[in-house]
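Trainee: I would like to learn to read a model feature by feature. Can we work through one together?

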Amino acid sequence: MNGAPLPDPAHERLTRLWQTHRPPGPLLPYELKTAYRKRWVRFHSLPESKRYAEDEAEYAVLLDRHNTVLDELFAGGEAYVVTTDWAHPSDPTQYSDLRCSLHPEGTLWTTLDDTADPDPEFHTRWYFYADRRPWRRGCLDPLLRAAADDALAGIFVTDIGLGRMYHPYDGGADVVLATTEERDRLRHRHADWLSAHPSGY
């Protein structure tokens with residue numbers, strides 16, 4: 001990642017951890033499943049792998065599944081909550097108003113320039129906003145609903161050691177555990193929420 005972090009001790013610590021633990025090269029939340037494949041599992045947020053909730057009863061199921069796993073990862077500790085925004089380097093960001101309304105505590109942590117495409121018109125600058133908070137069940141429900149509706153992508157939560165990561169998306173969540181064994185135990189506890197696809201997707 002490039003760009004200067006804000007002079008915030010929590011952000012500086014997160015930057016040091018990220019530089020120590022992440023794979024080299026750009027890493028966006030949706031790439032966690034590839035970068036940490038041996039410690040990754042995906043859970044679907046609705047029965048029968050239904051993608052989108054259609055009523056409040058289904059949102060209740062969806063939020064309960066998210067919060068159940070989040071509690072298992074972070075209960076009793078603190079977590080970094082990270083939201084992202086993006087744009088062509090010369091353009092306004094795409095989700096500014098919505099992101100600010102759903103994550104007002106988030107302050108700019110760092111930026112990432114994705115310049116893999118040879119055409120500069122397709123270069124993208126990603127903006128990462130973070131805050132550190134004690135984990136409380138339900139504290140991310142507005143963000144989780146936005147992710148479930150595909151209204152705000154690029155959200156992830158990590159413990160303060162960057163060993164466990166949780167990335168909700170429209171349809172479920174990608175989860176990275178500290179070890180393969182821990183991943184296997186979590187996968188076994190929630191086997192009914194797994195994808196039927198052999199790849200786990």
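Trainee: How exposed is cysteine 100?

Mentor: Cysteine 100 is partly exposed, with a relative accessible area of 40%. Buried means under 20% relative accessible area, exposed over 50%, and partly exposed in between (1.4 Å probe, protein chains only). This is a predicted model: local features need pLDDT of at least 70 and side-chain atom pairs pLDDT 80 or more, while totals for chains, interfaces and linings use all residues. Residues are numbered from 1 along each chain as its sequence is written, and side-chain values use heavy atoms, without hydrogens or water.

Trainee: How many disulfides does a search of the whole structure find?

Mentor: The test is a pair of cysteine sulfur atoms within 2.5 Å. The search finds 0 disulfides. The closest cysteine sulfur to that of cysteine 100 belongs to cysteine 139, and at 18 Å it is too far for a bond. Cysteine 139 is likewise in no disulfide. Its relative accessible area is 26%, so cysteine 139 is partly exposed.

Trainee: Now the charges. How many salt bridges does the search find?

Mentor: A salt bridge needs a side-chain nitrogen of Lys or Arg within 4 Å of a carboxyl oxygen of Asp or Glu. The whole structure has 15 salt bridges. Start with the network that links Lys50, Glu54 and Glu58. Lysine 50 meets glutamate 54 at 2.7 Å, N to O. Lysine 50 also bridges to glutamate 58, with the closest N and O atoms 2.8 Å apart. Glutamate 54 counts as exposed at 64% relative accessibility, whereas lysine 50 is partly exposed at 27%.

Trainee: And the pair aspartate 131 and arginine 133: buried or exposed?

Mentor: Aspartate 131 counts as buried, at 8% relative accessibility. Arginine 133 counts as buried too, at 12%. Their salt bridge has its closest N and O atoms 2.9 Å apart.

Trainee: What is the nearest side chain of opposite charge to aspartate 85?

Mentor: Arginine 99, at 4.6 Å. Here Lys and Arg count as positive and Asp and Glu as negative; His and the chain ends are not counted. Aspartate 85 is buried yet has no salt bridge. It sits in strand S2 (residues 78-87). Helices (H or I, at least four residues) and strands (E, at least two) are DSSP runs, numbered from the N terminus.

Trainee: Which backbone nitrogen lies 3.1 Å from a polar atom of the side chain of aspartate 85?

Mentor: That of serine 96. Aspartate 85 is also in contact (heavy atoms within 4.5 Å) with residues beyond four places in sequence, including Thr93, Arg99, Arg125, Trp126 and Tyr129.

Trainee: Where does histidine 190 lie?

Mentor: In the segment after helix H6 (180-189). Histidine 190 is buried, with a relative accessible area of 9%. A polar contact of 2.6 Å joins its side chain to that of glutamate 72. Such a contact is a pair of N or O atoms within 3.5 Å; within protein, one must be able to donate a hydrogen and the other to accept it, and residues adjacent in sequence count only if both atoms are side-chain atoms. Beyond four places in sequence, histidine 190 touches Phe43, Thr68, Val69 and Glu72.

Trainee: How many residues has the largest nonpolar core?

Mentor: Such a core joins buried Ala, Val, Leu, Ile, Met, Phe, Trp, Tyr and Cys residues through side-chain atoms within 4.5 Å. The largest one has 29 residues. Among those with the most contacts inside it are Val69, Leu73, Phe74 and Val157. Strand S1 (40-44), helix H3 (56-74), S2, helix H5 (141-148) and strand S7 (172-176) each supply at least two residues of this core. H3 gives the largest share, 7 residues. Another core, of 19 residues, lies apart from it, with Leu14, Leu17, Phe156 and Met165 among its residues.

Trainee: Last, the backbone. What is phi of serine 49?

Mentor: Most residues other than glycine have a negative phi. In serine 49, phi is positive, near 60°. This serine is in the loop between S1 and H3. At 36% relative accessibility, serine 49 counts as partly exposed.

Trainee: Where is aspartate 150 found?

Mentor: In the loop between H5 and strand S5 (156-159). Aspartate 150 has a positive phi, near 60°. It counts as partly exposed, at 44% relative accessibility.
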